[in-house]
Amino acid sequence: MPGFESITDQKRPVRILTAFLRKGTIPHALLFTGIEGVGKQTAAKIFAMACNCLGEGPEQPPVNSGKTGLPDNHRISEPCDICRSCRKILSNSHPDVIQIRPSGYSIRISQIRDLCEILSLKPYEAKVRVVIISDAQAMNVAAGNALLKILEEPPDRTILILTAAEKTDLISTVSSRCQNIKFNPVSRKKIAQILSERKGVDPVDADIFAGMSNGSLSGAFNISGKLLKKRDWLISELESLSINDTGRCLAFAERLSKDKDDFLDSLEAIDIWYRDMAVFRHSPGKIIFIDLSDKMRTSYKKHSEQSLISKFEEIRMARQAIRANGNLRLTAETLVLKLAQI
Ligand SMILES: [Zn+2]
């Protein structure tokens with residue numbers, strides 16, 4: 001992993017982080033916010049590497065400077081990638097870079113209690129110990145309160161990095177004690193370029209995948225060519241839906257509901273198709289399925305804005321039911337029949 005330049009389209013967060021490193025004063029707690037797949041985890045890891053990199057000058061004994069204790073002459077703003085410390089962090093084997101993730105759906109109080117115990121001891125070898133709490137919004141209230149105690153009396157030579165989609169996803173007593181650094185969605189153009197260059201995706205498809213990813217680079221990587229084929233099938237089914245042909249509606253619902261994740265992917269494509277329809281009447285150049293412009297030109301007139309709003313609501317409810325482990329077949333049948341009707 002190269003340094004901060006490997007983080008795509010996040011100039012401002014990178015500028016803030018490298019300024020901390022250059023000045024040698026780093027807040028005890030940082031909160032990286034932004035949607036999934038925009039580089040928050042990568043940035044946290046590179047930052048941990050840069051804080052501890054031994055690549056420039058002799059290793060200095062840690063000095064408690066009142067903030068995180070970065071030695072005064074620690075002015076490394078990019079990790080070297082090759083020193084002992086960088087390599088350990090890269091391979092997730094550094095004893096002082098601690099990663100906490102949700103266990104199941106939540107981050108439990110026992111995880112934060114274990115962390116408290118570790119933090120009561122001195123770091124093993126790091127200049128600065130780094131704790132990365134991913135998806136910090138998954139902390140339940142008890143875990144959040146336990147973390148608050150750490151934030152109120154931060155241990156020496158320790159930085160906490162929390163990641164979450166939004167600052168407001170955390171209890172305010174926790175978020176107010178962290179310096180918030182916002183990560184923006186990656187631009188469609190940049191994602192398309194990366195898909196093309198790194199994955200060899202055809203530029204037209206790359207642009208569509210980039211549009212579907214809503215600014216998430218990892219989301220774009222997950223969208224596969226298979227989805228594009230499936231999309232064409234979905235759209236042709238949607239366009240021929242008729243409430244008078246219940247048999248066809250139910251057959252469509254049956255195929256939709258075979259697998260939970262597939263069903264959610266299908267809903268994403270269906271959602272985009274209708275969203276494009278809403279966008280097309282005002283800004284035809286801004287639709288995501290840009291390769292389907294010709295088809296869209298004839299389709300969009302069949303759906304009023306009011307009917308599209310109702311369709312979005314039905315899709316939202318179906319998604320919610322699937323995530324809550326509702327009956328897939330029933331959810332699909334309800335959705336398809338409603339889409340045919342409205
Ligand atoms: Zn290094």
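**Figure 1. Asparagine 52, a buried residue at the end of a helix.** In this predicted model, asparagine 52 is buried, with a relative accessible area of 2%. The residue belongs to helix α2, which covers residues 40–52. Look for valine 128 beside it: the backbone oxygen of valine 128 lies 2.8 Å from a polar atom of the asparagine 52 side chain.

Figure 2. What is the geometry of the site? For comparison, the ideal angle for four tetrahedral donors is 109.5 degrees.

Figure 3. Are they buried or exposed? Cysteine 83 counts as buried, at 10% relative accessibility, because the limit for buried is under 20%. Cysteine 80, with a relative accessible area of 28%, is partly exposed. Elsewhere in the chain, cysteine 249 is buried, with a relative accessible area of 1%. How many disulfides does a search of the whole structure find? The search finds 0.

**Figure 4. Aspartate 81, a residue with a positive phi.** Aspartate 81 is not a glycine, yet it has a positive phi of about 80°. Most residues other than glycine have a negative phi. Aspartate 81 sits in the loop between α2 and α3. At 21% relative accessibility, aspartate 81 counts as partly exposed.

**Figure 5. Aspartate 9, another residue with a positive phi.** Aspartate 9 is also not a glycine, and its phi is positive at about 60°. To find it, look in the segment before α1, the helix of residues 11–23. Aspartate 9 is partly exposed, with a relative accessible area of 33%.

**Figure 6. A salt bridge between glutamate 125 and arginine 84.** The structure holds 15 salt bridges, and this view shows one of them, in which the closest N and O atoms of glutamate 125 and arginine 84 are 3.8 Å apart. Glutamate 125 comes from the loop between α4 (109–119) and β3 (129–133), while arginine 84 comes from helix α3 (residues 84–90), so the pair ties together parts that are 41 residues apart in sequence. Both partners are partly exposed: glutamate 125 at 30% relative accessibility, and arginine 84 with a relative accessible area of 42%.

Figure 7. Arginine 188 and aspartate 207 meet through their side chains in a salt bridge of 3.0 Å, N to O. The pair links distant parts of the chain, 19 residues apart: arginine 188 is in helix α7 (residues 188–199) and aspartate 207 in helix α8 (residues 203–212). How accessible are the partners? Arginine 188 is partly exposed, with a relative accessible area of 26%, and aspartate 207 counts as partly exposed at 24%.

Figure 8. Arginine 297 and aspartate 294 form a salt bridge whose closest N and O atoms are 3.0 Å apart. Because they are 3 residues apart in helix α13 (residues 293–299), about one helical turn separates them. Aspartate 294 is exposed, with a relative accessible area of 60%, whereas arginine 297 is partly exposed at 42%.

Figure 9. Which residues make up the network of salt bridges? They are Glu268, Asp271, Arg275 and Arg319. Also shown is lysine 260, found in helix α12 (residues 260–280). Lysine 260 is partly exposed, with a relative accessible area of 31%. Although lysine 260 and asparagine 325 are 65 residues apart in sequence, their C-alpha atoms are 8.8 Å apart in space.

How values were computed
Residues are numbered from 1 along each chain as its sequence is written. This is a predicted model: local features need pLDDT of at least 70, side-chain atom pairs count only at pLDDT 80 or more; totals for chains, interfaces and linings use all residues. Side-chain values use heavy atoms; hydrogens and water are left out. Buried means under 20% relative accessible area, exposed over 50%, partly exposed in between (1.4 Å probe, protein chains only). A disulfide is a pair of cysteine sulfur atoms within 2.5 Å. Helices (H or I, at least four residues) and strands (E, at least two) are DSSP runs, numbered from the N terminus. A polar contact is a pair of N or O atoms within 3.5 Å; within protein, one must be able to donate a hydrogen and the other to accept it, and residues adjacent in sequence count only if both atoms are side-chain atoms. A salt bridge is a side-chain nitrogen of Lys or Arg within 4 Å of a carboxyl oxygen of Asp or Glu.
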